[in-house]
Amino acid sequence: MNTSHIFIVEDDALVVSHLQQILSNFNYQIAGIAASGAEALELINKTNPDLVLMDIRLRGSMNGLETAKEISEKHQIPIIFLTAYANTDYLSQAQIDEAYSYLLKPIRGVDLHTNIQMALFKHKLQKKLNLMNTVLRSRQNLNRMILKEKDQNKFLKEVLRTLFDSEVFSHTFLISGKDSSFNYCASLPYLPQIEKKFYRDVKKGKLPSCVNKAIESERVIVCASANDECSDCPFFEIKSVESLMTYALKYQNQLYGVLSVSMHQEFASDPSFSELFEEIGDDIAFALYNFELENLQKQTQSALEQSEYKYRILSEHALTGVYLIQNGQFRYTNPKTAEIFGFDSVEEINRLESVLDLVSPENKLLFEKNMEDLLKKRINAMHFEFSGQRKNGEKVEVEIFGAPIPYKDDTAIIGTLIDITERKQNLETIRKLSKAMEQSPASVLITDTEGNIEYVNPAFTKITGYTFEEVKGKNPRILNSGEMPPEVFEHLWKTVKNGDVWEGEIFNKKKNGETFWERIIISPITDDSNVITHFLAIEEDITEKKRLEKQLLQTQKMEAVGRLAGGIAHDFNNLLTVINGYSQLLLHTMPKDDPNRKKINQIYQAGEKAKNLTSQLLAFSRKQMRQPEIINLNKLIIDLQTMLQSLIGEDIEIEVELSEDLWQIESDKHQLEQILFNISVNARQAMPEGGKLTILTENRVLNKDFVTEHPGSNPGPHVMLSISDTGVGMDKETIKHIFEPFFTTKPVGQGTGLGLSMVYGIVKQNNGYIYVSSVPGKGSTFKIFFPAVETNEIAEDYVTVTEDADLFGDETILLVEDDPSVRSMTERSLSYFGYKVVVAQNGNEALKKIKASKKVFDLIITDLIMPVMGGKKLFDIIKRYYPKIKVLFMSGYSEEGIVKNNQNGERVHFLQKPFSPLELAQNVRKILEDKTAN
């Protein structure tokens, strides 16, 4: 039975009846009937037919050609024109409008059936062709990404995005990882519950049938429905998933992942789409292979470069020959190698065409065989003796050691050479080696097999304070700080006594009691019979390195605490918006003699105090609202000096040392005032019996050494602000926590612990750097560095509304807020001031309200952070269609990227939570009356 649905647009009832009879005879379904163009447009929107029969001449304001054009633009439905007049102009226009065909009345049933079938077939082919072209374009985009993208995770996300954006695939799913150890799982659109369940199953090795089949068969697996083929697939739990195509991402028999897409059942089983999907999967697999190869090459190259550097330093001073051979030629030799073979320089020996030029003819086959066995991995290391010949032709007996290493995308042999011709040369080698150890900047110890010290070099004495005479015959445990677990030393001795090299870090103690960290390498020394006779320890003082690592960890901890503080302030600001808002509304509407007015006012005052706390948290987390401007720090300090003196009291002297020609900085004036006030108040509390507060400014250019010693700082020109006191000072443990929120040394009830954390946050928000130095009993010094700027332009301030402005209005406002309490309070506040309010709980719902509205809203008020769709994305979508619409953003913390001017130079308005109804009304009135605000 024919299931095609046909819609008839004809104003002649007899013709309609005739068409119905014909369509019924050929088993077509009637989707609907319309007598005019307007009626047809309305009904087709609801019925979505497969084909339209359209009379060219219709009653009403629209003829058939005009109606057909609108239908084609909106629905892409095939149209067959019907006409009783062979009007040349009409028929020519019909051809231009790309009608599938047209028939002259009276219409024969066979002709109509034939034309309908041809039109449906042509439409289906065209639809398939369009989809194929779309997928081909997606493949081209993916291939461009393969050449351009260097980050694997970004590439995988873009793969999902590109396929999904093609609109051919309604869902895209991808898992990746080496072999079956999948470590990446993602989908578009993002489906957290399904994706998490799928990822858990994948980690357990439980894969859906379609995925297993794709991996085993190495072809595209098509699942038409969950009931028939893949009942255990979690993605068929999604109602919109019709059919799935799944393909294993393999390259050179290596599995890199699995790609699955959902598409319309009509095309899922089409071989053309399967073949194209397979080609896309092969492209992605090739890209993942390249990522793996590049990462491996980078790791290998990095390790090689580091080891090569260390090797070269040791090699240049080694008293044995050191070489690097590749493709039968020297790539590197050290001076000793040149000496052994009688050459004047390493450059001269490196110019030899072949290593075999240094080998006597009778030993060339032996030399070639050992190198071949090593390169073809028949042996793990090369060690043999051969007869060589010097530059002057003299014979020299050489002992050679070698091992394979990767070098410049190929394999090379690295090793050592020893001249065993004369024992005298061996003694000379030992003498030179001893000299190198004497001059080594690292500590060198040699012990017997029981650990008794037989030799230490001068560097050991310099680092530990012990002379050779003081440690000779003693065990290295004299350096033991007592703070290392015994298991470390047990493992150390077990390793070296087994003939292996031990590497590690040990916390030791010097002769003067000072502790320090050492990086130690201990190697066993063996005789000709491979029996261990001694142990060699090379020790590097890494105390400073450890200190810098600790500073970096502290900086990272502060960043993490800052993010936590910002999140807490954001959520708390939503609560304060409701508390303070309703309190102010009650106070506005409550009679002045109401006995509850005092209680409500106390609630409001407590909310305002809490608002100050969240403001401090936002400052620490660097999410506080800023209004930057070009500032001369000297002028700011001079303006505040009198106020600072009043703040800290007359018993404390303020000394100001301001550098002339001080560079300018870009910052928020009020934030800088907060820094000065908070540090000065802390200084006052550190000097209960009076003292001196010194404020100093200076131009400073931070160099590489400064940045290395102060992680978190940046090189370049800066303005330094130094604030010192002569107070009680702080110990090292207190300094570690001084900038953490809620940390305080004051008694309970005498401080929130947010003052210095707010200072830290403001400095970081201004791209600056702060550190404190202090000694108990000798005061503290805070040094702050702000980046200098060369511009003389002053940052534009936001316009404020005067208090006596008329805050009432009757405009229509769309309010978008996901928090029900905040949404309700904001709606009531706006209604109180006379506005008509339409509410939405997220961006998607707001778009529906805008689409349903018969007129453009006067203002949109939207929260920035919301589920489903946030305020920024909502704004980007709306302004495409209503570029002049006015928007007010609000949030529990500021997003500086929102409040700055957009690309078109338009001002974007922002309201910080918590806000009062009065503040809300002021901002709304200001925007509505601003003729330039968008």
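Proline 715 sits in the loop that runs between helix α23 (704-709) and strand β25 (716-725); helices (H or I, at least four residues) and strands (E, at least two) are DSSP runs, numbered from the N terminus. The model is predicted, so local features need pLDDT of at least 70 and side-chain atom pairs count only at pLDDT 80 or more, while totals for chains, interfaces and linings use all residues. Residues are numbered from 1 along each chain as its sequence is written, and side-chain values use heavy atoms, with hydrogens and water left out.

**Around proline 715**

- Is proline 715 buried or exposed? Its relative accessibility is 56%, so proline 715 counts as exposed (buried means under 20% relative accessible area, exposed over 50%, partly exposed in between, with a 1.4 Å probe and protein chains only).
- Proline 715 is in contact with Leu702 and Val707, leaving aside its neighbours within four places in sequence; contact means heavy atoms within 4.5 Å.
- Lysine 704 is 11 residues from proline 715 in sequence, and their C-alpha atoms are 6.4 Å apart in space.

**Aromatic rings**

- The whole structure holds 14 aromatic pairs. Rings of Phe, Tyr and Trp (its six-membered ring) pair if their centres lie within 6.5 Å; planes under 30 degrees apart count as stacked, over 60 as edge-to-face and the rest as tilted.
- One of these pairs joins tryptophan 493 and phenylalanine 535 edge-to-face, at 5.8 Å centre to centre and with 80° between the planes.
- That pair links distant parts of the chain, 42 residues apart: tryptophan 493 belongs to helix α18 (residues 486-497) and phenylalanine 535 to strand β20 (residues 532-541).
- Tryptophan 493 is partly exposed, with a relative accessible area of 26%, whereas phenylalanine 535 counts as buried at 4% relative accessibility.
- Tyrosine 769 and tyrosine 771 have ring centres 6.0 Å apart and planes at 35°, so this pair is tilted.
- Tyrosine 769 counts as buried at 10% relative accessibility, and tyrosine 771 is partly exposed at 22%.
- Ring pairs also bring Phe706, Tyr769, Tyr771 and Phe785 together into a cluster.

**A charge over a ring**

- Lysine 510 lies over the face of phenylalanine 516, at 5.4 Å from the ring centre. A charge sits over a ring if NZ of Lys or CZ of Arg is within 6 Å of the ring centre and within 35 degrees of the ring normal.

**A nonpolar patch on the surface**

- Which residues form a nonpolar patch on the surface? They are Val501, Ile521 and Ile538, with about 220 Å² of accessible area together.
- Accessible areas come from the Shrake-Rupley method with a 1.4 Å probe, and for residues only the protein chains shown count as cover.
- Isoleucine 521 is part of strand β19 (residues 515-526) and counts as partly exposed at 33% relative accessibility.

**Backbone details**

- Lysine 105 and proline 106 are joined by a cis peptide bond, with omega about -5°; proline 106 is in the loop between β5 (101-104) and α5 (109-148).
- Asparagine 27 is not a glycine, although it has a positive phi of about 65°. Asparagine 27 has its place in the loop between α1 (13-25) and β2 (29-34), and counts as partly exposed at 40% relative accessibility.
- Aspartate 661 also has a positive phi, near 55°. Aspartate 661 is in the loop between β22 (652-657) and β23 (664-667), and is exposed with a relative accessible area of 70%.

Technical notes: Patch = residues over 30% accessible without salt bridge, like charges linked within 9 Å, V, L, I, M, F, W, Y side chains within 5 Å. Salt bridge = Lys/Arg side-chain N within 4 Å of Asp/Glu carboxyl O.
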